[in-house]
Amino acid sequence: MVALYCLFAVVTFAFVSTSSAFAITGLQGGVNAETGERPIRQEISTLQQAGAAFDLYILSLKQFMQRDQSDPLSYYQIAGIHGYPHISWDGAIGQYNNGYCTHGSILFPPWHRAYMALFEQILSDIAQQIASTYPASSKAQYQSAAAILRMPYWDWAANSTLPDVVTQPLINVNTPNGSQIIDNPLYNYTFHPLPSAPDFPSAVVARFPSTVRYPDSQGRSQPSLANQALNRNAGAIRTYAYNVLSVEQDYAPFSNTGSLGAYNNLEALHNALHTLIGGVNGHMTFVPFSGFDPLFWLHHTNVDRLWAMWQAIHPETYVISQIDQAGTYTNAPNSSEDITSALTPFHADNSNGFHTSNTTRSTRAFGYTYPELLDWNMNSSVLAFDVKGHINTLYGPIPTTSRQRHRRSESRLTVDEMSHDYSINVVVNGSDVTSGMYVHFFLGAIPKEEALWPTASALVGSHIINGPSRGLVFGQIPLTPTLTKSDLPNLESDAVVSLIRQQLNYRVQSFDGRAVEASVLPSLKFAVVGRNVTHMGGNEFPDYGPLITFPEATSLLAPYGLQEGESMPA
């Protein structure tokens, strides 16, 4: 059938034969259909201690990566769904210069949930095959582990340093043939062969034979630089995670960078981690290449986890109709998306039925949950209360009297330090850029060398614009973690605004590390905002006062800093 596209209409698609569609049904091993109890996706550091389960995870991932790249169920083709190469997968034919992934879109969380479920389903199939090859003395143990194996996540908000297991080129695992040291599939993915045009465009990152993070001049990963950047931003990451989970109450502004006025949103936080993990010319930094880095899957599983926790607190709000200005490989730019929109290319059955936001709303549908969401035998009120307690424990401020015991963890603020909360709200029109850009914000001296900007001691945080794009891209940079390290006697607004006015500045940098004049982003606008916060403690979220904008804090940074009489898009 011919695809028809029109402005402000839900896009239809052309399909090849659907008789062989791959159905993403979720996993049933270990699921109790009556109670809803189901296996847990574990944090990677926990799974690493799980013996047989971890062995199978590593061996399955390695075998997955070794599949021929022409195989539709190869690691290469599954990772390529997210961006490059722009080719059809499982019969979902597209025509636009984009990947299937939804960014700046109301569908950002549900699309990626289906994507993680696809990856997990393939990994589980491989794990069960491998488990059956273990010797009789251990076969039952490994088969039991395979039945309930779920993919892990990395909780970068609580543990900002890269997990050790992803920084080691080699790893020791117990294989069906005994203990062996093998190439670590969490360290990188090696293309076989390295794609060329038109599958991969001409770009520095496209020339590396394996995925890299913070590559040096020889194309070798430098995990120490990733950790330096992550640790420098640890306070902002934790605070951002806490704010987005505890402040936002409506799905649209919570979910994506494209909803009007959605400064404090999950997708912007996710964007920041992509660039902090990848660095200049690293695969994770560039959305179309990011799916090939094995750390992508730990990162996005954590994004799904944060969304699932937020859902438990706000089950009543979900996808609404919204224009996706960027579009995807199959969805025309400026088309409308809603709860019934097809999440291409993910089939819900073996025919022509695609998953939608309706079918991906619950983790239960895919046979997994997370440690904080043991939702069986709980009503919705008890579950919400329980999840709030977990969020407060993991990401919220600690009692002021506990500061001395927690001094070694500078990402944890105290209740007193969080009694006033300040941020920088940022917005840019994605049409300004043809490639990815950072807008870095500093409070203090800025290094002269742009290579030092992402790890500078004065860095507050960075707003990420994935390019090319369309439409407004909203984001928020937490200021409070940086302010608490200053010489301010308190965080009352008069003192804070005076300091920010004197010391706040910004720089624009391309994803390939070049300094760029701010004039390339004519739509850039940012403002300092703040509010009073009353912490309730226990399993309750804080009481947030009204948000106040302080144009005097950015009065010296015209035309991009908000001026008196101006307002930010909302």
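## Largest cavity

Ten residues, written here as 10, line the largest cavity, and Thr-239, Tyr-395, Gly-396, Pro-397 and Met-418 lie nearest its centre. The model is predicted: local features need pLDDT of at least 70, side-chain atom pairs count only at pLDDT 80 or more, and totals for chains, interfaces and linings use all residues. Residues are numbered from 1 along each chain as its sequence is written, and side-chain values use heavy atoms, without hydrogens or water.

A cavity is a set of points on a 1 Å grid over the protein atoms alone where a 1.4 Å probe fits but cannot get out, and lining residues have an atom within 4 Å of a point. The largest cavity holds about 60 Å³ of space, a volume being the space filled by probe spheres set on the points, which are joined across faces, edges and corners. There are 6 cavities of 30 Å³ or more.

Helix α7 (residues 234-246) gives the largest share of this lining, 3 residues; helices are DSSP runs (H or I, at least four residues) numbered from the N terminus. The lining has 5 nonpolar, 3 polar and 2 charged residues.

## Gln-69

Gln-69 lies in the loop between α2 (52-66) and α3 (75-80). Gln-69 is buried, at 9% relative accessible area (buried means under 20%, with a 1.4 Å probe and protein chains only). Its side chain makes a polar contact (N or O atoms within 3.5 Å, one able to donate a hydrogen and the other to accept it) with the side chain of Tyr-189, at 2.9 Å.

## Confidence

The chain has a mean pLDDT (the predictor's confidence in each residue, from 0 to 100) of 92, and 95% of its residues reach 70 or more.

Methods. On a 1 Å grid over the protein atoms alone, a cavity is a set of points where a 1.4 Å probe fits but cannot get out, and a pocket is an open set with protein on both sides within 12 Å along at least five of seven lines; lining residues have an atom within 4 Å of a point. Helices (H or I, at least four residues) and strands (E, at least two) are DSSP runs, numbered from the N terminus. Ala, Val, Leu, Ile, Met, Phe, Trp, Tyr, Cys and Pro count as nonpolar, Asp, Glu, Lys and Arg as charged, and the others, Gly among them, as polar. Buried means under 20% relative accessible area, exposed over 50%, partly exposed in between (1.4 Å probe, protein chains only).
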